[in-house]
Amino acid sequence: TGEEAAERYLNAGKLTVSPGDLVFLYTDGFERYFDLPDFIELFQHWPPNLKKELRRFSEEKARENGALYAHDRTIIAVKFDKD
């Protein structure tokens, strides 16, 4: 929301990543998604149309259960290549 009070909910830190790792930065609207194997699988396979597939997946979940999955959500995913 841009409100200064929101800063108290931020988690910060650092981590070491290795080739093949996935790192996610996300708002709480995506928190429950990480309990869904199909959601994780999207990122493990990282299809060329990932953005479109993610939108389709989240819209479907919101229709199934808006109380759990229709909240405002933002996600940034980074895949570290195995090269």
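Start by selecting Asp 28, Glu 31, Asp 35 and Asp 72: together they form a negative surface patch. Keep in mind throughout that this is a predicted model.

**Stop 1: the patch**

Zoom in on Asp 72. Where does Asp 72 sit? Its place is in the loop between helix 3 and strand 2 (75-79). Is Asp 72 buried or exposed? Asp 72 has a relative accessible area of 70%, so it counts as exposed.

**Stop 2: colour by confidence**

The mean for the protein is 90. Residues at 70 or more make up 98% of the protein. Which element has the highest mean pLDDT, and which the lowest? Helix 2 (residues 50-64) has the highest, at 95. Helix 3 (residues 66-69) has the lowest, at 90. Where pLDDT is low, the predicted coordinates should not be read in detail.

**Stop 3**

How many salt bridges does the structure hold? There are 3. Side chains of opposite charge can pair when their charged atoms come close.

Select Arg 56 first. Its side chain meets that of Glu 53 in a salt bridge, 3.2 Å from N to O. Both residues belong to helix 2 and lie 3 residues apart, about one turn of the helix. Arg 56 has 37% relative accessibility, so it counts as partly exposed.

Glu 60 is partly exposed, because its relative accessible area is 31%.

Now display Glu 53, Arg 56 and Glu 60 together. What links these residues? They are joined in a network of salt bridges.

**Stop 4: Lys 61 and Glu 64**

Move along helix 2 to Lys 61. Its salt bridge is with Glu 64, and the closest N and O atoms are 2.8 Å apart. Why are Lys 61 and Glu 64 separated by about one helical turn? Because they are 3 residues apart in helix 2. At a relative accessible area of 13%, Lys 61 is buried, since the cut-off for buried is under 20%.

**Last view**

Show both regions at once.

Technical notes:
Residues are numbered from 1 along each chain as its sequence is written. This is a predicted model: local features need pLDDT of at least 70, side-chain atom pairs count only at pLDDT 80 or more; totals for chains, interfaces and linings use all residues. Side-chain values use heavy atoms; hydrogens and water are left out. pLDDT is the predictor's confidence in each residue, from 0 to 100. Helices (H or I, at least four residues) and strands (E, at least two) are DSSP runs, numbered from the N terminus. Patches are made of residues with over 30% relative accessible area and no salt bridge: like charges are joined within 9 Å, nonpolar side chains (Val, Leu, Ile, Met, Phe, Trp, Tyr) within 5 Å. Accessible areas come from the Shrake-Rupley method with a 1.4 Å probe; for residues, only the protein chains shown count as cover. A salt bridge is a side-chain nitrogen of Lys or Arg within 4 Å of a carboxyl oxygen of Asp or Glu. Lys and Arg count as positive and Asp and Glu as negative; His and the chain ends are not counted. The place of a charge is taken as NZ of Lys, CZ of Arg, CG of Asp or CD of Glu. Buried means under 20% relative accessible area, exposed over 50%, partly exposed in between (1.4 Å probe, protein chains only).
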